[in-house]
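Student: I've got a new model to look at, and I'd like to learn how to read it. Could you take me through it one feature at a time?

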Number of protein chains: 2
Amino acid sequence: MTEHAGTTNRAATANLTDALVELSFLIQATLARIANDYEVSLTQVRLIGILRDREPGIVELADVLNLDKSSVSGLVDRAQRRGLVERASTKGTDGRAIRVVLTAHGRTMATQFAERVAEAIAELVKDLTPAQRERFASQAARIVTASGMSRSLEPPQTR
Amino acid sequence: MTEHAGTTNRAATANLTDALVELSFLIQATLARIANDYEVSLTQVRLIGILRDREPGIVELADVLNLDKSSVSGLVDRAQRRGLVERASTKGTDGRAIRVVLTAHGRTMATQFAERVAEAIAELVKDLTPAQRERFASQAARIVTASGMSRSLEPPQTR
DNA sequence: TATATTAGTTTGTATCACGTACTACGTCAA
DNA sequence: TTGACGTAGTACGTGATACAAACTAATATA
């Protein structure tokens, strides 16, 4: 039995599963490779990506990254040791809370990183026609939003 | 300027990048969540996925997983400690080499895992029509094969 | 045979993620 | 006001992951 249009059977599901899982590994490997060029981990990249348009506290970061706050505390420690972020005080509002802020160096890296990722992704999809690319992107976006996922690398609209 | 058909500009690239990166995080999170139900790591799952239709040595595994062989050695150690895999001798052909083989328990887990992943992915794409799903899967597959990636979770056809 | 290569392990280092326990600050109610 | 509770963040211990470098043992090759 070959795969023809409209089959919602087991074979089609397996194809879809394989394709999406493999695609996700491919994207992650791409991100990891670029992160490696900058000698930071993928998690560090997610961190500075989030910080591009926010100045969250540890708990808020833990929520966005879906990590325990103790994990984030250490994560910020290491990013700080590398000069990517700083802990800034909340201006008198709350004596416990801090804000995690990008340094100039961290901001530069975040920007460069985003560019390199965009290039790498563009290279991956170069065989698709622009129309196919657009459909593909919009369906991917639809799947993501339908899942109610919190965004991670490129936090979208600021509003 | 809004995004209309056929724009190959910066905005469209950013959309595509975001969508694919976020989709990859979504899929990975899905895999990680299921792996967590079985109290194994995502890497362990990749390992037993590969072993479903092969009996590779450490170096071959390192190649497929894109890890250092020393990493794989430890990975297999831990999987072995959990009764998922075993180190079997190559039958006299090469005194140095071993084969990494699934145990019955490991095989059961690999099968169950694959089923649960398929269900979860199907749930993610439930809003797309079958035709859209098919197109989406085939384009994803096209991207993966064009990249020359080695597969990781569901090693494809044995033929 | 002597040398080089290969398969795999071991050791040391760094990161990551978790849970628990702890400190310090805030909030709320009696 | 003060005492109980909740919250933000850190510290510590554990286990997994990944790497590089050094090592052993077996195999290839000159």
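Tutor: Let's begin with angle words: under 35 degrees counts as roughly parallel, over 145 as roughly antiparallel, 65 to 115 as roughly perpendicular, and the rest as oblique. The angles run from 0 to 180 degrees between N-to-C directions, and the axes are lines fitted to C-alpha atoms, for helices over the stretch in contact. Helices (H or I, at least four residues) and strands (E, at least two) are DSSP runs, numbered from the N terminus.
Before we use them, note that this is a predicted model, where local features need pLDDT of at least 70 and side-chain atom pairs count only at pLDDT 80 or more, while totals for chains, interfaces and linings use all residues. Residues are numbered from 1 along each chain as its sequence is written, and chains are lettered from A and ligands numbered from 1 in the order in which they are written.

Student: How do the axes of H3(B) and H4(B) cross?

Tutor: Two packed helices are described by the angle between their axes and the distance between the axes. Here, the axes of H3(B), residues 58-65, and H4(B) come within 9 Å and cross at roughly 105°. The two helices are therefore roughly perpendicular to each other.

Student: Which residues in H3(B) and H4(B) meet?

Tutor: Contact means that the C-beta atoms of two residues, placed from the backbone, lie within 7 Å. From H3(B) you have Ile58(B), Val59(B), Leu61(B), Ala62(B) and Leu65(B), facing Lys69(B), Val72(B), Ser73(B) and Val76(B) in H4(B). By class, that contact has 7 nonpolar residues, 1 polar and 1 charged. For these classes, Ala, Val, Leu, Ile, Met, Phe, Trp, Tyr, Cys and Pro are nonpolar, Asp, Glu, Lys and Arg are charged, and the others, Gly among them, are polar.

Student: And what about H2(B) and H5(B)?

Tutor: Their axes also come within 9 Å and cross at roughly 105°, which makes H2(B) roughly perpendicular to H5(B). Val45(B), Ile48(B), Gly49(B) and Leu51(B) in H2(B) meet Gly106(B), Met109(B), Ala110(B) and Phe113(B) in H5(B). This contact has 6 nonpolar, 2 polar and no charged residues.

Student: How many residues of chain A are in contact with chain B?

Tutor: 50 residues of chain A are in contact with 50 of chain B. H1 (10-37), H5 (104-124) and H6 (130-146) of chain A each supply at least two residues of that side, and H1(A) gives the largest share, 18 residues. By class, the side of chain A that touches chain B has 31 nonpolar, 11 polar and 8 charged residues.

Student: Where does H6(A) make its contact with H6(B)?

Tutor: First, the geometry: the axes of H6(A) and H6(B) come within 11 Å and cross at roughly 110°, which makes H6(A) roughly perpendicular to H6(B). The contact is made by Gln132(A), Phe136(A) and Gln139(A) with Gln132(B), Phe136(B) and Gln139(B).

Student: What about the DNA? Which residues come nearest to DNA strand C?

Tutor: A residue is near a molecule or strand if its C-beta atom, placed from the backbone, lies within 6 Å of it. Of the 24 residues around DNA strand C, the nearest are Ser41(A), Ser70(A), Gly95(A), Gly57(B) and Ser70(B). H4(A) gives the most to that surface, with 5 residues.
DNA strand D has 23 residues around it, with Gly57(A), Ile58(A), Ser70(A), Ser41(B) and Gly95(B) the closest. There H4(B) gives the most, 5 residues. By class, the surface near DNA strand D has 6 nonpolar, 10 polar and 7 charged residues.

Student: What is the mean pLDDT of chain A?

Tutor: pLDDT is the predictor's confidence in each residue, from 0 to 100. For chain A the mean is 86, and 86% of its residues reach 70 or more. Over residues 1-8 of chain A, though, the pLDDT is below 50, and residues 151-159 of chain A are below 50 too. Where pLDDT is low, the predicted coordinates should not be read in detail.
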